[in-house]
Amino acid sequence: MEQLGESFHHETAEQLQSHLSKVDSNYTLEKCAQYVEYIQEINALKQQHNAVVLAHNYQRPEIFEVADVVGDSLELARQSRNVACDTLVFCGVHFMAETAKIVNPEPTVLLPDLRAGCSLAEGITADALADRKESLLRIYPDLKVVCYVNTTAEVKAESDVCCTSSNALEIVQALESDNILFVPDENLARYVQKGTRKNIIAWEANCYVHHQITPEQIQEVREKLPEVKVLVHPECREDVIALADAALSTSAMMRYAKESPAKEFLIVTECGLSDRLLLEVPEKKFYKSCKLCSYMKMITLEGVLNSLRKLRYEITLPEETRTRALSAINRMLDLNA
Ligand code: 13P
Ligand code: SF4
């Protein structure tokens with residue numbers, strides 16, 4: 001997790017353009033001048049509302065200019081729990097903002113755009129999970145439900161324990177049960193199955209961003225760049241993960257790329273992560289898979305500004321759902337301390 005210091009925040013349009021043009025030549029001086037105005041007003045509103053901005057690694061690079069913390073799902077969940085503020089603006093997708101509300105109900109949690117959903121989270125409902133759990137419990141009385149954090153609060157409330165891409169295998173191994181219903185990501189479930197002797201029963205849903213990446217695309221790059229290190233997200237297909245040097249969460253990919261002596265990397269996940277690497281590790285080469293998560297990209301600087309101006313869109317949850325979902329998240333945090 002990155003606590004962002006002064007070096008991430010640029011004050012003039014020229015400074016901002018020279019920074020952002022490392023990832024994209026479409027950041028014109030005019031656009032950057034507009035961003036600088038937005039950033040100044042956002043910073044003033046943050047003070048006025050005692051607000052903190054948390055941002056996921058996939059966010060647009062200009063969002064990092066106003067973020068207090070940037071990280072992966074687990075880091076942001078932990079940070080949400082600890083943060084002391086009156087308003088928490090979540091630059092990420094809906095389930096992440098909801099997770100923040102579950103672990104820290106006191107501040108007003110805002111998501112700048114309610115269209116920022118997630119194809120995985122939409123792949124399962126609490127009712128469907130309850131039905132499947134009931135029928136599986138007849139066959140496996142010790143069954144436990146492990147839900148990926150990319151789920152609604154209602155689905156978390158139906159689950160025994162939550163997990164993220166950085167701790168899925170550890171959570172499954174730490175449970176006493178040998179039979180696990182793992183929801184909703186079929187690819188992550190298969191990845192976990194490879195590392196455990198337990199019986200992993202997978203739900204059938206996937207992330208549209210990662211699931212579209214094929215082994216042929218990886219092979220093509222490997223043939224051209226024999227020295228390249230291939231880092232993939234475990235939401236990728238099994239045959240893609242099989243070709244990787246490492247399968248890691250988004251923040252673990254950041255650390256690996258920074259710490260490895262290798263000089264060139266293929267980053268197989270949403271493009272926002274390779275953009276972060278291009279900005280922060282200019283001495284190394286990053287090739288990207290060019291897959292955009294349209295949900296993550298719904299969040300814009302203008303959206304963050306309007307969110308703070310109008311204190312919208314507030315994330316609220318029925319208290320009963322929140323406390324049941326909290327026990328699945330707390331169980332994860334306790335097992336994976
Ligand atoms: P991380 O927890 O690895 O950041 O992943 C979140 C996500 O949505 C990946 O698609
Ligand atoms: Fe959901 Fe996939 Fe987007 Fe991550 S990249 S938020 S899993 S749709």
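The shell around ligand 1 contains one nonpolar, eight polar and two charged residues, where Ala, Val, Leu, Ile, Met, Phe, Trp, Tyr, Cys and Pro count as nonpolar, Asp, Glu, Lys and Arg as charged, and the others, Gly among them, as polar. Its members are Asn57, Asp72, Ser73, Asn150, Thr164, Ser165, Cys207, His233, Glu235, Ser249 and Thr250, a residue being near a molecule if its C-beta atom, placed from the backbone, lies within 6 Å of it. Around ligand 2 there are 13 residues, and the closest of them are Cys118, Ser119, Cys207, Val209 and Cys293. By class, this second shell has nine nonpolar, two polar and two charged residues.

Some conventions should be kept in mind while reading. The model is predicted, and local features need pLDDT of at least 70, while side-chain atom pairs count only at pLDDT 80 or more and totals for chains, interfaces and linings use all residues. Residues are numbered from 1 along each chain as its sequence is written, and chains are lettered from A and ligands numbered from 1 in the order in which they are written.

Turning to the whole protein, one finds 15 helices and 13 strands, which are DSSP runs numbered from the N terminus (H or I with at least four residues for helices, E with at least two for strands). The radius of gyration is 20 Å, close to the 20 Å that the globule rule gives for 337 residues, so the protein is as compact as a globular protein of that length; the radius is taken over C-alpha atoms, and the rule is 2.2 Å times the number of residues to the power 0.38. Along its principal axes, the C-alpha trace spans about 65 × 50 × 30 Å.

The domain assignment, which is automatic or from a database, gives domain 1 (2-117 + 296-310), domain 2 (121-207) and domain 3 (213-288). The C-alpha centres of domain 1 and domain 3 are 25 Å apart, and 11 residues of domain 1 are in contact with 12 residues of domain 3, contact meaning that the C-beta atoms of two residues, placed from the backbone, lie within 7 Å. On the side of domain 1 that touches domain 3 there are four nonpolar, four polar and three charged residues.

How do the axes of helix H1 (residues 13-20) and helix H2 (residues 29-48) cross, and at what angle? They come within 8 Å and cross at roughly 115°, where axes are lines fitted to C-alpha atoms over the stretch in contact and angles run from 0 to 180 degrees between N-to-C directions. The contact involves Ala13, Leu16, Gln17 and Leu20 of H1 together with Leu29, Cys32, Ala33, Tyr35 and Val36 of H2.

Finally, the backbone has some details to look up. A cis peptide bond with omega of about -15° joins Val183 and Pro184, and Pro184 is placed in the loop between strand S8 (179-183) and helix H8 (186-194).
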